[in-house]
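Please look through the model below before reading on. The report goes part by part.

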Amino acid sequence: MGTKRISLSSIDIEDQKYQVRDHRSVQWGAKVIHQDASKNHIKQMVNDLKYSNAKFPLIQVLNEPEGSDRYVIFDGFHRCSAYIKVNKDTGGKRFKQITVEVVGPETVNDRLLEINTEHKALTLQPAHRTELTWQKFLKLEKSNASLSKKELAERLSASTSTIGNWRKLVKQFTEAGLFKDDSPVEKNISTNYPILVQAKKWIKDQEYRDYESEGLDDYLIEEDKKVLEKILKLALTAKEKDKLLDFVNENWGKNPKYVLYDEALDSGLVTSPEGGTEAF
């Protein structure tokens, strides 16, 4: 489509459907860190534009709606933010218009999920890259379901175990209706496929709700299952298991430093040599 001189105000900076740094795909802490990094990156570009007349690669935009005088960004969100800041700081004297590269839908389809390999100035979070790879995986699965795990792994630069796990997740998400339009899980704006971390969180929350609704509050959580396993293994080495159990019951939850290991129980019970309990 070529280059074109357009008004800076004709770019809809709020439309971020082509933004590869989708913060819905990262945890809160990583989101804050990356937002801070983005602010610093923009600040540096603003300084470069103001004081060194720096020139950046052209922002890539799409004409949307087609035939109108409005544009959305395909690549160059940080650069556009820097131009807007300088334009504002100079009272509209600089960058009232900028030269951009107008791209078509074919470019978007070819490069949208490849763009994660092109960002050099501000590195993507690992979760961003994982999400982009996940979306690309879903597109490949839909367009060419005959690809083997090995072939998919090679195309996506992923491990075969990751592909295997993702195929299991696709089945699980499909059964849960997470690919439907009315799914409760947030979707990637461009592909309309569920965001990986959001879908996994929904499944986990649903399992927890089912767990509660079935009256299973007395079941052990996973972490405590591991603790119990350790306790039971140690108990197998005890000489007097029943007496040990009585003392455990008596002292459960107490600080081990203050337990009187050499005194008889206050419960009125002692353990007989045969392992039973007798009253005093």
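What follows covers strands, helices, aromatic pairs, a surface patch and salt bridges.

## Basis

This is a predicted model. The values below are computed from it.

## The strand pair

Strand β2 covers residues 59-63. It pairs with β3 in the antiparallel sense, over four bridges. Within this pairing, leucine 62 stands opposite valine 72 of β3.

Strand β3 spans residues 71-75. Five of its five residues are buried, so the strand is largely enclosed by the rest of the structure. Aspartate 75 is buried too, at a relative accessible area of 16%. The cut-off for buried is under 20%.

## Helix α4

Helix α4 runs over residues 126-143 and has 18 residues. At 1.5 Å a residue it should span 26 Å. Its end C-alpha atoms are 26 Å apart, which agrees.

## Aromatic pairs

How many aromatic pairs does a search of the whole structure find? It finds six. Phenylalanine 137 belongs to helix α4 and tryptophan 166 to helix α6 (residues 160-175), so the pair ties together parts that are 29 residues apart in sequence.

Tryptophan 166 is buried, with a relative accessible area of 8%. Trp134, Phe137, Trp166 and Phe173 form one aromatic cluster.

Is helix α8 largely enclosed or in the open? Of its 14 residues, the number buried is zero, so α8 lies largely in the open. From first C-alpha to last, α8 reaches 20 Å. That is close to the 20 Å expected at 1.5 Å a residue.

A nonpolar patch sits on the surface. It is formed by Leu220, Val227, Leu228, Ile231, Leu232, Leu244, Leu245, Val248 and Trp252. Together these residues have about 810 Å² of accessible area. Helices α8 (222-235) and α9 (241-251) each supply at least two residues of the patch. Which helix gives the most? It is α8, with four residues.

Valine 248, one of the patch residues, lies in helix α9. Valine 248 is partly exposed, with a relative accessible area of 30%.

## Salt bridges

Side chains of opposite charge can pair when their charged atoms come close. The count here comes to seven salt bridges. Three of them are described below.

Arginine 79 and aspartate 75 meet through their side chains in a salt bridge, at 3.7 Å from N to O. Aspartate 75 is buried, with 16%.

Aspartate 89 and lysine 85 also meet in a salt bridge, at 3.4 Å from N to O. They are four residues apart in helix α2 (residues 77-89), so about one helical turn separates them. Aspartate 89 counts as partly exposed, at 36% relative accessibility. Lysine 85 is partly exposed, with a relative accessible area of 39%.

Lysine 243 forms a salt bridge with glutamate 240. Their closest N and O atoms are 3.4 Å apart. Lysine 243 is partly exposed, with a relative accessible area of 28%. Glutamate 240 counts as partly exposed, at 45% relative accessibility. Elsewhere, salt bridges that share partners join Lys50, Lys85 and Asp89 into one network.

Technical notes
Residues numbered from 1 in each chain as written. Predicted model: local features only at pLDDT ≥ 70, side-chain atom pairs only at ≥ 80, totals over all residues. Heavy atoms only, no water. Buried < 20%, exposed > 50% of the residue type's maximum accessible area, 1.4 Å probe, protein only. Pairing = 2+ DSSP bridges. Expected span 1.5 Å × (residues − 1). Patch = residues over 30% accessible without salt bridge, like charges linked within 9 Å, V, L, I, M, F, W, Y side chains within 5 Å. Areas by Shrake-Rupley, 256 points an atom, 1.4 Å probe, with all protein chains shown as cover. Salt bridge = Lys/Arg side-chain N within 4 Å of Asp/Glu carboxyl O. Phe/Tyr/Trp six-rings, centres within 6.5 Å; stacked < 30°, edge-to-face > 60°.
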